[in-house]
Amino acid sequence: MNRRYFLKVAGTLGGGLLVSGFLAGKEKKPAFAETAADSPWFFIELKPDGGLHLRLGKQEMGQGAPSGVAMLFAEELGMDWESVTVDQMELSAATSAFYQTPQGSVTGGSWTVSSLWEPMRLAGASVREMLIQVAAERLQVEPKSLEAENGAVVSVAMGVRIPFHELAAAAARREVPAEPRLRDPASFKIIGKPKPNARGFELSTGRVPYSINKRLPGMHYAAIARCPVWGGRLLGFNADAALERTGVEAVFRIEAPEGITNPYQYYKPGVAVVADSTWNAFKACELLEITWEEGNNSNVNMDTLRQRIARKEFLKTELPSDWGDPEAVLQAAAVTHEAVYETHFQPHAPMEPLNATATADGDSIVIWTSSQDIKRCRESVAAALGIPVDKIVMHSCPCGGSFGRRSAVDYVVEAALIAHRLQGPVKLTWSREDDIAHDLFHPYERSVWKAGLDRKGDLSALTASYAITGSPDYWWLLHGGFMPYGLKDWKVEGNLLDHPVPTGAWRSVVEHIGAFSEESFIDEMAHLAGRDPLAFRLEQARKAVEQHGQDDYWGSILARVVRLFEKVEVTLDWRSPLPPNQGRGIALSKFGSTVVAQVAEVEVWEGDFRVNKVEVFVGAGLIVNPQLAENQIEGAVVWALSALKHGRFTLENGRILESNFDQFELLRMNEAPEIRVHFLQDDGPMGGIGEPGVPALAPAVLNAIFAATGRRLRNLPIESSALL
């Protein structure tokens, strides 16, 4: 921890208490510390009606993380959860320093709750002690004789209960405690208990202010026809037919930025149409006659990608993991085995299409949008318009889905460019076809694996070589492989292939790619050794604990792996026979500090398969909200299975051909498996929940298909022809 947290408190006009959280650097960065002193990273209002309202910079994307953060504060304060509401904080000159911090820069990576575990609890404990001090003076008793619970300070001995809001005004004049006492976890009433999303009522009744629903007086509506191929240029266009359509107000060019190759900061060239409705803007785009220079990427397809990998036309090569001398050990191995795995491009396709509403008055810009990186959006808008960043105010709206896509800036910058030109309000909306054609796809990857067994049938050495599409400015550096299997000699090589299709973080980032090939290959090695796949993994994991158990972090993570496998063994009848054409498979994955083991049961018939059941075992330390955590694991399983079964995308002439849900299906309810989630809580490192449920699903299913058919599938998504 190289930051210090502090609070400011103030009374409100209605007699409530406003708490602002601040962050300052302990290191010698006076400019940062000075800015942070006037820039909160959360606001909490204890309202006169007894409610508690939290405004946080973290994004609500359906994962419930802001509710988890609110639970931390509410627990320490002693609040009744039903009285807690959550909202999001705007990004402006007044709040900008928060977004310069690790806690505020991005919502993603499943780290929101774990990163705010300590500061939010300390903030809640500070306010609790301030309220108790005021109550103690009023009752003329010692503070230690009082408790804060269910929204009030209570004296059991006196039979007195004073609601927080009656103490708020006086507490606002108190000094904030320097070292507040945190509650004993054994006394938790909110943390660790299943609680509904704090925004659940809004979500279920259509009251959540999604940006696609934003309305401003005199608003215009816009759509953009963009170059279909990455790296192409706009040569010219004819807008006569579009301008003749009723309701069309303007048509003009959108120029691509120069010198930006990072897909997260780039926006494509195109032609913008402004109309009196989104529908009219969409239809007018279809009438444009545009001439593009598509460039070299217009000749790319899947075969050309494979050929470039075979020729090793890589931009960059790195060794994320390089231990011992695996090549020499492999030469001496009793048995060796090699396999090749491949994953294809996958879209995000969030249910709410990309959109942003912006209004301009001179160089002052106000934007309403949903983004996982609101700071990057603000900076990119300032760069695109050549205006100071403090001229831009960002209102952060909840996301109607994201899965990594809203980490980019393109849709937000486009809206700002149009609003600045119009000098008025405009809503830019992407169609579903836009959303797919111009996505930042889950990358294509091809990996070659080789390993050996010693005379005992144990893993002796392993090498893996990945080739993956990406950008030199956004290098998909693989995690180096999570190999909790007692290996002393192993090497992982990562090779970057320049992308013809822009790639970005997909739900589970790159862990999905790593776990698919790793756990499929470990399963192959178990069968090569003539061993049960679960027993083989458990034995190898115990060896890893012996090797690395002295390391505080890795020792706890590896112990977590062993406990998961042991829990699978005692919870499931792993070795029980299944009917013909059915199989059971297991796989492991790690995301951050969260370790997940999944067991899938599948049924296979000619040309198709069905996943009947998935058992998920999750080790993530303390689970703050089991209800929302279980929701996220279930959603991750469905997400991963949908991509595995239906996510077939065709790269041809530098573009993805599929463009809507009629051309690529999502998993239907009648295809969804029975899902059971088991949390193994411990006092080790706290991990995230939103993404870790994805990676192990694919290898567990493919390993189960092998158990059912004796056939190894090594490509994702599964092609029906592979099951014939």
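Ser460 lies in strand β21; helices (H or I, at least four residues) and strands (E, at least two) are DSSP runs, numbered from the N terminus. Ser460 is buried, because its relative accessible area is 15%. Buried means under 20% relative accessible area, exposed over 50%, and partly exposed in between (1.4 Å probe, protein chains only). Not counting residues up to four places away in sequence, Ser460 touches Val329, Ala333, Gly452, Leu453, Asp454, Leu487 and Asp489. Contact here means heavy atoms within 4.5 Å.

A word on the source. This is a predicted model, in which local features need pLDDT of at least 70 and side-chain atom pairs count only at pLDDT 80 or more, while totals for chains, interfaces and linings use all residues. Residues are numbered from 1 along each chain as its sequence is written, and side-chain values use heavy atoms, with hydrogens and water left out.

What covers the buried residues of α15 includes β20 (445-453), β21 (459-470), α14 (511-528), α16 (552-571), β23 (582-591) and α18 (697-709). The buried residues of α15 include Pro533, Leu534, Phe536, Leu538 and Ala544. How far apart are the end C-alpha atoms of α15? They are 22 Å apart, which agrees with the 22 Å that its 16 residues (533-548) should span at 1.5 Å a residue. The expected span is 1.5 Å times one less than the number of residues. Asp532 caps the N-terminal end of α15. A side-chain oxygen of Asp532 lies 3.0 Å from the backbone nitrogen of Leu534.

Now follow α18 to another helix. The axes of α17 (residues 626-646) and α18 come within 9 Å and cross at roughly 55°. Axes are lines fitted to C-alpha atoms, for helices over the stretch in contact, and angles run from 0 to 180 degrees between N-to-C directions. That angle makes α17 oblique to α18. Angles under 35 degrees count as roughly parallel, over 145 as roughly antiparallel, 65 to 115 as roughly perpendicular and the rest as oblique. On the α17 side, Val637, Ala640, Leu641 and Leu644 make the contact.

A second pair of helices crosses at another angle. Helix α4 and helix α5 (residues 164-171) pack at about 95°, with their axes 9 Å apart. That makes α4 roughly perpendicular to α5. The residues in this contact include Met130, Leu131 and Val134 of α4, and Phe164, Leu167 and Ala168 of α5.

Arg128 is found in α4 (residues 117-139). Is Arg128 buried or exposed? Arg128 counts as buried, because its relative accessibility is 3%. Leaving aside neighbours within four places in sequence, Arg128 is in contact with Glu76, Leu77, Ala148, Arg181 and Arg183.

Next come some backbone details. Ser508 lies in the loop between β22 and α14. Ser508 has a positive phi of about 95°, although it is not a glycine. With a relative accessible area of 0%, Ser508 is buried. Asn653 lies in the loop between β26 (651-652) and β27 (655-656). Phi of Asn653 is near 55°, a positive value in a residue other than glycine. Asn653 counts as partly exposed, at 41% relative accessibility. Finally, a cis peptide bond joins Leu716 and Pro717, with omega about -5°. Pro717 sits in the segment after β29 (715-716).

Technical notes:
A polar contact is a pair of N or O atoms within 3.5 Å; within protein, one must be able to donate a hydrogen and the other to accept it, and residues adjacent in sequence count only if both atoms are side-chain atoms.
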